[in-house]
Amino acid sequence: MNIIRQLLSKPWLSGDDDITESYNQMQCLRVVQTQSTKTALVFFLMVVTVVFFLISITFLSRSQYPDFTALAGPPWLPFSNPVTLWVNSAFLLLASISIGFAATSKPNNESVGQGRMVLALCLTGLFSCLFLIGQLLVWQQLTASGFAVNGNPANSYFYLFTGIHGLHLAGGFIALIRVVISFVKHADNERLTANLRLCVWYWHYLFIVWMLLFALLTATPATYKTIALLCGF
Amino acid sequence: MKEIQPIADDHQPSGFFAKYVWSLDHKVIAIQYSITAIFVGLIALVLSALMRLQLGFPDHFSFIDPSSYLQYVTMHGIIMVIYLLTALLLGGFGNYLIPLMIGARDMVFPYLNMLSFWTYLVSVIVLIASFFVTGGPTGAGWTLYPPQAILQGTPGADNGILLMLLSLAIFIIAFTMGGLNYVTTILQARTRGMTLMRMPLTLWGIFIATILGLLAFPALLVSAIMMLFDKLLGTSFFMPAILSLGENLDYTGGSPILFQHLFWFFGHPEVYIVALPAFGMVSDVIATHARKNIFGYRMMVWAIVAIGGLSFVVWAHHMYVSGMNPYFGFFFATTTLIIAVPTALKVYNWLLTLWRGNIHFTVPMFFAIGFIFTFTHGGLTGLFLGNVVVDLPLSDTFFVVAHFHMVMGVSPIMVLFAAIYHWFPLVTGRMLHTGLGKCHFWVTFLGTYAIYLPMHYLGFLGVPRRYFALGDTDFIPDSTQALNAGITVAALIVGLGQLIFIFNLIWSLRRGKVAVANPWQATSLEWQTPQSPPVHGNWGDKVPVVYRWAYDYSVPGHKTDFTPQNKTDSESLLTDKGGQG
């Protein structure tokens, strides 16, 4: 592996044979910028992963306390049949697919390609907004049916998880708008495609995290018990 | 093809505000970070003096009551650990040194870098605002443990704790912006020839510490958000069913231990977020001022990486008395002892670098050698506390206070002083006054021993920490009061001794000896800029190319006793034609 080879090198032996190794890959400013943004995005997603991971761990631990009542299980609980959440998930999936289309359409002076990309970006925005509105509706329904944020730890975690995930989506949305504005200003097709590819990663990541959260939040007490046992709680 | 390095002209500043206030230049941002951090650090220093006055001379100061004492303890701890050390080491030195040491013109995201500083400043303002709200700042201790942190009876339980949690959340956002920049810049903007294993150890320390920060600060963020939920929305993440001041509260069944796990999952890597950059910087200072290559460079790099990895699996050694499963204690004691191996290895390597080196007793070298002493002593007491059976009686005594002040208070600060004396000529173009510097060193070095050595004995006697007054406690002899008074006198002298440093900084800025370029004859790239101090864009027309590692000191057959990283063999080797000794 490259990193191992690098860590095993002997820098005290002079010689310029490896001078170009780390550098030749980066041939121009644009590549440096794109690679930097990609690296920063990878690290940012790692940070977000740690946030969700830690809350999930505390959730699993908290789920084994006697006052914890899961939100799924018997039919009278709100997520025993989570239709609204499925609909919201579909919106997020569609947003993820449409941004994928936007990144793969070729806008190079072809009106067709450009039109397809604009349409795909509009759909991304629309579906992402629908997802957020859908989540807010779920919050409203939960509160209306007596599952307030401080009612039970399971409720608290639901609001916490979905709130942070919503903020994460909103942050991505702002980044996407910045990408579009930068394209309108500079009309740099290659940069746009590269940045959109990073947005695709972001949206796919959002979707995967949401699916994991969905599974976690709508599981039954028996499932929590099994996972907690496996984790040693 | 465009030039490979990002071109600095993209954000060439014009006008006072663009140049010094809303600057995108990493060097200006570094100075902004440093000044802000030192300013809050001085506030924390004053708080510690107030604490010591109470402990050394109880009942003499009517303005210090039990509540304000706890507030001083809390704010001193949190400011020193997070707002001073983390910000100064990474925001200050990280920002200044990363682009210069890797041969870049700036950070890869200059705008984000600027945003990081201003967000940090907001977090500092929110923190300081808590001194002025009703009830004052929180007095929950720097660990902010629930349930007491948000319950009535704890100082600042209404507003202070809210501002503290908010400030921490803002700080973490600022750190994440800065941290993404540091990591990305090191990975993507290294100049030609600067392979990872040719980087100075300063950069390795900063690099790994930043990754630790990026992965550990989320734990603090999560715990801050969840505690805000508990306080503001009445959830019970951490709050158990509780009777407070004769009243049954609405909380049910939460787990305070859960908070402790989260907090220390951040808290222990935080020790290394502070220590690793210090390890790196001291390595460079020692090699430069001993005119010798660092002993075991690869080992030093691996040790930094290993310490970084291990720091994530030792956190519960802070929780031996929390009532967790005893088997956990066994596991965490083992990992804690393992982490001592790479750490000890680093100490040996510093000593072996000094061994038979051409040691120049400059002020940075004084502080670097002082660091080896304080760090070894602090580290050794850490081995005591890492063992469960020894920790149980010593937990929450002054022994712990003495230990962590030696290892993560005094030691990184010794390195910070070494670093400031070392890099001040680069930043300002002036030398700091040597006589004042040595005076500052001896007051600080001997003073810290006068403070913390006796503090260990207080701990052995069982004197508890965080107590406003000891009262009549049978097992604590009266003589402890004399020891406490002595510690206070020493602490006040050390505190006042720092005025020598502040005076030296201000005086030397205007009147200090003008520094020649590369006054320490160092090899690393930051000293090889065409102008000294480096100007905007750092490298003039052409970025440097690196041909060697950063430790070619006293290499036989070379023209001088140092060979900068950007010199080729033909430029540096003695030849029959043009060579001279």
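Tutor: Helices here are DSSP runs of H or I with at least four residues, numbered from the N terminus. The model is a predicted one.

Student: Is the peptide bond from Ser532(B) to Pro533(B) cis or trans?

Tutor: Pro533(B) sits in the loop between helix 14 (479-511) and helix 15 (569-572) of chain B. For the bond from Ser532(B) to Pro533(B), omega is near 0°, and the bond is cis.

Student: What is the phi of Asn518(B)?

Tutor: Asn518(B) is in the loop between helix 14 and helix 15 of chain B. Most residues other than glycine have a negative phi. Asn518(B) is not a glycine, yet its phi is positive, at about 50°.

Student: Are helix 10 and helix 13 of chain B roughly parallel or roughly antiparallel?

Tutor: Helix 10 (residues 363-386) and helix 13 (residues 434-461) of chain B pack with their axes 9 Å apart, at an angle of about 10°. Angles under 35 degrees count as roughly parallel. Therefore helix 10 of chain B is, relative to helix 13 of chain B, roughly parallel.

Student: How do the residues of the contact of helix 10 with helix 13 of chain B divide?

Tutor: Helix 10 of chain B brings residues including Phe366(B), Gly370(B) and His377(B). Among those they meet in helix 13 of chain B are Lys438(B), Trp442(B) and Tyr449(B). Sorted by kind, the residues of this contact are eight nonpolar, eight polar and one charged.

Student: How much area do chain B and chain A bury between them?

Tutor: The contact involves 45 residues of chain A and 55 residues of chain B. Interface size is often given as the accessible area lost when the parts come together. For chain B and chain A, with 70% of it on carbon and sulfur atoms, that area is about 4600 Å².

Student: Which helix of chain B gives the most to the side that touches chain A?

Tutor: Helix 5 (160-188), helix 6 (201-232), helix 7 (256-289) and helix 8 (297-310) of chain B each supply at least two residues of that side. With ten residues, the one that gives the most is helix 6 of chain B.

Student: How many salt bridges are there between chain B and chain A?

Tutor: Seven residue pairs are in polar contact across the interface of chain B and chain A, both residues being at pLDDT 80 or more. The side of chain B that touches chain A has 33 nonpolar, 14 polar and eight charged residues. The number of salt bridges between chain B and chain A is zero.

How values were computed:
Residues numbered from 1 in each chain as written. Chains lettered and ligands numbered in written order. Predicted model: local features only at pLDDT ≥ 70, side-chain atom pairs only at ≥ 80, totals over all residues. Heavy atoms only, no water. Contact = heavy atoms within 4.5 Å. Buried area = accessible area lost by both parts, 1.4 Å probe. Salt bridge = Lys/Arg side-chain N within 4 Å of Asp/Glu carboxyl O. Polar contact = N/O pair within 3.5 Å; in protein donor to acceptor, adjacent residues only side chain to side chain. Nonpolar A, V, L, I, M, F, W, Y, C, P; charged D, E, K, R; others polar. Axes fitted to C-alpha atoms, helices over the stretch in contact; angles between N-to-C directions. Parallel < 35°, antiparallel > 145°, perpendicular 65-115°, else oblique.
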